[in-house]
Structure formats: C-alpha cells, structure tokens
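Visitor: Hi! I have a model open on my screen and a few quick questions. Could you walk me through it?

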Amino acid sequence: MKKILVQGKVEGIILKSETPINFLGTVDKKTGIISDKNHELFEKSIKNSVLVFPSGIGSSVGAYTIYSIKSNNSAPLAMICQKADLTVATGCALANIPLVIVSDEEFSSFHNGQKISLDTESENPILIIQ
Amino acid sequence: MELTREEESALKGEQGEIMQMAYRILVATGEATDAERLVPIEWAHLSGVNYNTIGDAGEELLSSISKNARVKVKTTLNPMGFDIDNVSNYNLDENFISKQLSIKNSYETMGVNLSFSCIPYEIFDIPKEGTQVAFAESNAAIHANSYDHLKTNKESSFSALASAITGKSPYSSLRKEDSPNLTIRMKVDNPNELTYGMLGFFAGKVGDTSVNISGLGEMDRRQCKAMCGGMGTSGTCAKFLFGEGDADCEKVDFDKKEMQNVHDELNTAEKGDLITLGSPQLGLEEMSDLTIMLKGRSFKKRCMIFCPRTVKEQARKIGYANKLERAGCEILSDCCTCLTPLINKDEIDAVTTNSIKGAFYLKNSNGVDVNLKPLSQIIEDETS
C-alpha cells in the first residue's frame, strides 16, 4: 500500500473497475448506480461495496456526489485507488469513507467478488479473506 | 505534510468545527498530492453551485456551514441552475428554485462574489504571473495554469472551499515548476473548436497531472476554451505546455483515428431537437462573433446560449443581445449547458452542440443524445 488518505476499518466485497470514474453526472447521487453507458460498471450500484478503481476523473463537483451518496446511504464502504485525485480524496475526507492508494501490483491482485478487510491502523491494512 | 502550530490547532478543532473541517480537507488534499506544506492563495473559484449537481445533501451542507464560515480571500463562483430573469419560461418546479436560491444565499452569506460563471479567467482581471490561486472548475483550472500563468491544483469543490475559508492550499507539484512526462503531437489538419475539444478530451484521458502538446498552431479564444473544457472532463490533467517537451518524453499522436474514437464515444445522434452554445460559457468576444455570423439569418429551431451575467449585460448595451434574440437565440446568464436542469429528456431527444464538455454531461447526466458539430456547421445547417 502506498498511502492512507482517509482512515477507517471495514469489511466488504470488492467491486472493481479498470476504468476511472467521473462521479459527477455518471454516478446517481441518490442510488449510487452508474449511468454512463460506456462505463464497465454501467447499471451497477457502488453502494456498500469496497470500490476498487484507478482514480476519479473529470468534474470537481464529483466531491459533492461522494458526499451525497454517503448522506443517502448509497456510498461504498471504502475506496481503493491506484492514483490519488482531489475529487475522491476530499469527497471521502468529508464523507468519512476510508480511502487508500495502492501500488499497481496490488491493484491488479484485486478481483470482483473477493471479500476483504481494510483496517488502516493495522500492520497489514488490506487482507483478502476469501 | 508539515503544519504550523496554528494549523495543527485548527486541525484539532481548537478554532471551531468549520476550521477543523477545512483543515481536514486540506490535509487530505496535501497527502494526495505529496505536498510538504500549505501556502497562501490569493483567489479561490468555487464549484458546487447548481442544485442539479449538489442536491439536497449539498444544499444542507452549505446552509449549515454558512452560519459560521466566511471566506478569507477573493472568492468567485461557478454557474447555478437557471437565470432568474427568465426562469418562468422554463418548466422548473418550485422546489428546485427554492433550493437553488438557498444555495445562492449560503454563498452570499459566506462573502462569495456571486459571479455564477465557469470562465473567471475571462471576466475578472488576471493577477500577476505565478500567483497562487485555487480554481475548482476544471476548465478554469486548466486555463489558469496553461494560458494565464497562474498556479492551481485541479481543485475539487471541497478543496477550493477549504482554501477560500483558510486562504491556503497545499504546495503540490502543479504549484511548482513541473515537467510533464508525456507529449501529445497534434496531427489533425485545419482544426476547428470541436477538433480542439476532442484533442483536450483525448489529452485528459492519456495525461497525468500535466502534458506537453505540440503542433497546436494559432488558436482563437473559442478553440482554447473548447480544449480546456474537453481536457477537464476526461481526466486528472490540469495543465498543458506548448511544445515537444524533453527528448525523453513519451510521444503520443492525436490523428484522425484518435479523433474519430472520441467522436464515436460522444456523438450519438444525426441531428438535434435544439441547439446549445456555451460550455464553457460564452464571453463577450464570442457573443460578438456569433452576432456577425448570424447576420441576416435566423435559427430554425431553439438555440440556447449560456454566458455570465456581466457578459449578458454588456451584450445588451452594445446591441448584440437584441440581434441574437432576433435570430432566435435564448440568452441565459448565471447558468451553463453543463448539468442544466432546463433540458429534460421527457421533452428533448437530442441536442446539437459544439461542446465536448457539454456533450459528455448532456449524455450521461441529462440522458439525452448528442449531435456534435462545429459552430460554423451549426449555423450552416440550422439557420436560414
């Protein structure tokens, strides 16, 4: 792991995207469902997942989308990125969603459906449970 | 990141909840961008204004923090959802209007200049070269770094708000001298503003925090803005430098094939039911150009034009506004194509525009199809 941007402890199932996410306009702020037809997570909900994706992109207002999905109980339990970006970093900071940045190697070791535990205080912060 | 004793105390909450929240955001921003300390900024430009984008959660957050938060530096503001002068012409519900006005009031209470514009670089004086600012609007951050010789991160709504309240921002790589590791070679001949928008969208996808772009040639203002808008939409890139860059830079071509890929991703209709111009908003020069291009012609379908209020007022005085309205244009200030609540998929199937940024959000957020054309083609096809 490279960096811890927002601390926390959660356990959940990985939802992984190989493509970056523009939170504004492509993630429904009430339901957490992806509306971009060209996105690999189209029509999937990011709610209660451990969302693994390269980084946030695009609009600065995406930070409000992250805050909104949290307020509407539709947010991921945690986010894991390859690259830090300010939209995701500050959205997660204000919404208190744990966020860590991982190496390319670690990123490629995560797969959809894996159950993992994330504890930013632990010596091994990310453990794949099954 | 190293904090001063005063900054530490704010982070601990000793200066109130608002300051603690602001410093928490700044620390996350600093950690994300490997900054070693905070530096003062002179100007913040905020995004997160349109009720359509920030919703009830955003409206409530702003209402709550505006009770105590006040901005410390010059702070300007992105567009909101409508133009109060003509909102009654559009089918917007009362709830939207009252929530939008609440957002407006919150920003006003915090001491923000209610500019409602995504082109602050065009309507305000540009400070001296190298001035540190914090611009959240993505096209404005790119324009500030690439054309205006200012220094900003590609701020998020929250990092810019935290900077406005504290007067500080992390000293990240974009605020120093940086050298991109990628060069994009522009290979498309006779580019128009749509070509530059697609180049920007492509560059945003392949670039990291900054890129070199060679082969740009002379660009007019419309083309510059289109490129900044496209780039801000697709990536994390916040700056481009003109030229080939260092010899060891990786080189990527932007040729007809790459352009076609962007076009195929965003162009989903052969024709539109209405036309929108202005994402980013039009400045006075573009209003003047458009008036000249429309001389003796008028639109055969609705054409919505988005601009800042100051530009609308100047255009009215000079006489452009009346001429544009006679040519069938609806002029809207304080708002923008991007994330507009004024275009509804129940009434409109497809929109014609020359904006790549507009196209992306019309398609994904408004859920309408998009027909992309450069302005010259729009005027040829859609007016008589």
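Visitor: Where does Asp34(B) lie?
Guide: Asp34(B) is in the loop between helix 2 and strand 1 (38–40) of chain B. Helices (H or I, at least four residues) and strands (E, at least two) are DSSP runs, numbered from the N terminus. This is a predicted model, in which local features need pLDDT of at least 70 and side-chain atom pairs count only at pLDDT 80 or more, while totals for chains, interfaces and linings use all residues. Residues are numbered from 1 along each chain as its sequence is written, and chains are lettered from A and ligands numbered from 1 in the order in which they are written.

Visitor: What is the phi of Asp34(B) near?
Guide: Its phi is near 55°, a positive value in a residue other than glycine. Most residues other than glycine have a negative phi.

Visitor: And how many other C-beta atoms are within 10 Å of Asp34(B)?
Guide: There are 13, so Asp34(B) counts as partly exposed. A residue is buried if 20 or more other C-beta atoms (placed from the backbone) lie within 10 Å of its own, exposed if 12 or fewer, and partly exposed in between.

Visitor: What about Glu43(A), is phi positive or negative there?
Guide: Positive, about 70°, although Glu43(A) is not a glycine. Glu43(A) sits in the loop between helix 1 (23–26) and strand 3 (50–53) of chain A. With 10 other C-beta atoms within 10 Å, Glu43(A) is exposed.

Visitor: Switching topic: which residues does the cis peptide bond join?
Guide: Ser279(B) and Pro280(B), with omega about 0°. Pro280(B) is in the loop between strand 10 (274–277) and helix 11 (284–293) of chain B.

Visitor: How many residues of chain B are in contact with chain A?
Guide: 33 residues of chain B are in contact with 31 residues of chain A. Here, contact means that the C-beta atoms, placed from the backbone, lie within 7 Å.

Visitor: Which elements of chain B give two or more residues to that side?
Guide: Helix 2 (17–32), helix 3 (51–65), helix 7 (157–166), helix 9 and helix 14 (356–366) of chain B.

Visitor: Last one: what is the strand order in the open sheet of chain B?
Guide: The order is 3-2-4, with 3 strands and parallel pairing. The edge strands are strand 3 (74–77) and strand 4 (134–135) of chain B, each pairing on one side only. Two strands pair if DSSP finds at least two bridges between them; strand 2 (residues 43–46) and strand 3 of chain B have 4 bridges.

Note on methods. Contact = placed C-beta atoms within 7 Å.
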